[in-house]
Amino acid sequence: MDVYIHISSGSGPRECAWVVNKLAEVFVKEGRAEGIKAIILLGDNPSASLAPSLLMKLSGKSVREFAKERIGTIRWIGNSPFRPNHKRKNWFVSVSKAPTISEVPELQERDIQYQTMRATGPGGQHVNTTDSAVRATHVPTNVSVVAREERSQHMNRKLAITKLAMIFADRQSSERQDAKEAMWRQHHNLERGNAVRTYEGIKFKRK
């Protein structure tokens with residue numbers, strides 16, 4: 001089975017975005033060691049060298065347990081890679097499970113229109129040039145997303161639904177965010193305490 005997780009720096013500084021991207025790489029390695037296939041998908045700013053948030057797809061037999069152990073606040077202890085004299089040593093990001101369509105009552109399959117398109121441009125590890133990309137539009141609200149990161153049209157359709165679900169779920173928690181922002185943004189403030197996992201140093205050694 002597949003589970004999508006969202007890694008976000010919230011409103012944190014550039015260092016937190018750096019942690020997001022490094023943490024995604026760590027999850028790929030940890031997944032490989034546990035028989036989990038972890039794929040980094042497109043972030044909320046594909047042109048940026050450090051995306052402030054990333055979506056990951058996890059696949060494997062024990063994928064639920066793998067995801068559960070990482071959902072919550074993640075702390076990284078280390079010196080800023082951008083500001084050597086900065087005194088702060090603790091940096092926080094959040095990991096959350098992307099909602100499914102069944103978890104968002106306002107989002108009904110019958111209200112979604114799909115359009116296939118060529119999957120060109122930035123798109124994670126598996127972008128291709130076939131007509132596998134999918135645009136999903138929620139007709140009642142005209143909210144539209146594009147999924148091009150997966151290799152097949154079927155999987156991109158599934159990913160598009162996940163992206164729509166993220167938008168609607170975020171709207172429930174904050175009506176002030178517009179749909180474009182809500183697709184990828186987590187809470188403005190991450191919970192600083194009670195980190196579910198802590199990593200330290202440039203090699204992200206688990207503490």
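## How much is buried

Of this protein's 207 residues, 48% count as buried, where buried means under 20% relative accessible area, exposed means over 50%, and partly exposed covers what is in between, using a 1.4 Å probe and protein chains only. Keep in mind that you're looking at a predicted model, in which local features need pLDDT of at least 70 and side-chain atom pairs count only at pLDDT 80 or more, while totals for chains, interfaces and linings use all residues. Residues are numbered from 1 along each chain as its sequence is written, and side-chain values use heavy atoms, with hydrogens and water left out.

What about contacts along the chain? Take the contacts in the protein with a separation of 6 or more: residues 24 or more positions apart account for 60% of them. A contact here means heavy atoms within 4.5 Å.

## The parts list

The protein has four helices and ten strands. Both are DSSP runs numbered from the N terminus: helices are H or I with at least four residues, and strands are E with at least two. Reading from the N terminus, the order goes β-α-β-β-α-β-β-β-β-β-α-α-β-β.

## Helix α1

Let's start with helix α1, which covers residues 14–33. Its 20 residues reach 29 Å from the first C-alpha to the last, close to the 28 Å expected at 1.5 Å a residue. That expected span is 1.5 Å times one less than the number of residues.

Is α1 largely enclosed or left open? Of its 20 residues, 14 are buried, so the rest of the structure largely encloses this helix. Just after α1 comes Gly35, with a positive phi of about 75 degrees.

## A three-stranded sheet

Now find the open sheet made of three strands in the order β6-β7-β8, with antiparallel pairing. Two strands pair if DSSP finds at least two bridges between them. Which strands stand at the edges? They are β6 (112–117) and β8 (143–147), and each has a single partner strand, so one side of each is left without a neighbour in the sheet. From one strand to the next, the twist averages 20 degrees, with axes taken as lines fitted to C-alpha atoms (for helices, over the stretch in contact) and angles running from 0 to 180 degrees between N-to-C directions.

Six bridges join β6 to β7 (residues 133–138), and in this pairing Met117 stands opposite Ala133. Strand β8 is mostly covered, as four of its five residues are buried. As a bit of background, side chains in a regular strand alternate between the two faces of the sheet.

Most residues other than glycine have a negative phi. Asn142 has a positive one, near 65 degrees. You'll find Asn142 in the hairpin of β7 and β8, which has four residues between the strands. Is Asn142 buried or exposed? With 60% relative accessibility, Asn142 counts as exposed.

Phe204 has a positive phi too, near 55 degrees, and sits in the loop between β9 (197–200) and β10 (205–206). Phe204 has a relative accessible area of 6%, so this residue is buried.

## Rings that meet

A search of the whole structure turns up four aromatic pairs. Rings of Phe, Tyr and Trp (its six-membered ring) pair if their centres lie within 6.5 Å; planes under 30 degrees apart count as stacked, over 60 as edge-to-face, and the rest as tilted. One of the pairs is Trp18 with Phe204, which is tilted, at 5.8 Å centre to centre and 50 degrees between the planes. This pair links distant parts of the chain, with Trp18 in helix α1 and Phe204 in the β9–β10 loop, 186 residues apart. Trp76 and Phe204 have ring centres 5.5 Å apart and planes at 15 degrees, so they are stacked. Here the partners are 128 residues apart, and Trp76 belongs to strand β4 (residues 72–77). Trp76 is buried, at 3% relative accessibility. Trp18, Trp76, Tyr199 and Phe204 form one aromatic cluster.

## Charges over rings

A charge sits over a ring if NZ of Lys or CZ of Arg is within 6 Å of the ring centre and within 35 degrees of the ring normal. The charged end of Arg70 sits over the ring of Phe66, 3.6 Å from its centre. Likewise, Arg157 lies over the face of Tyr114, 3.7 Å from the ring centre.
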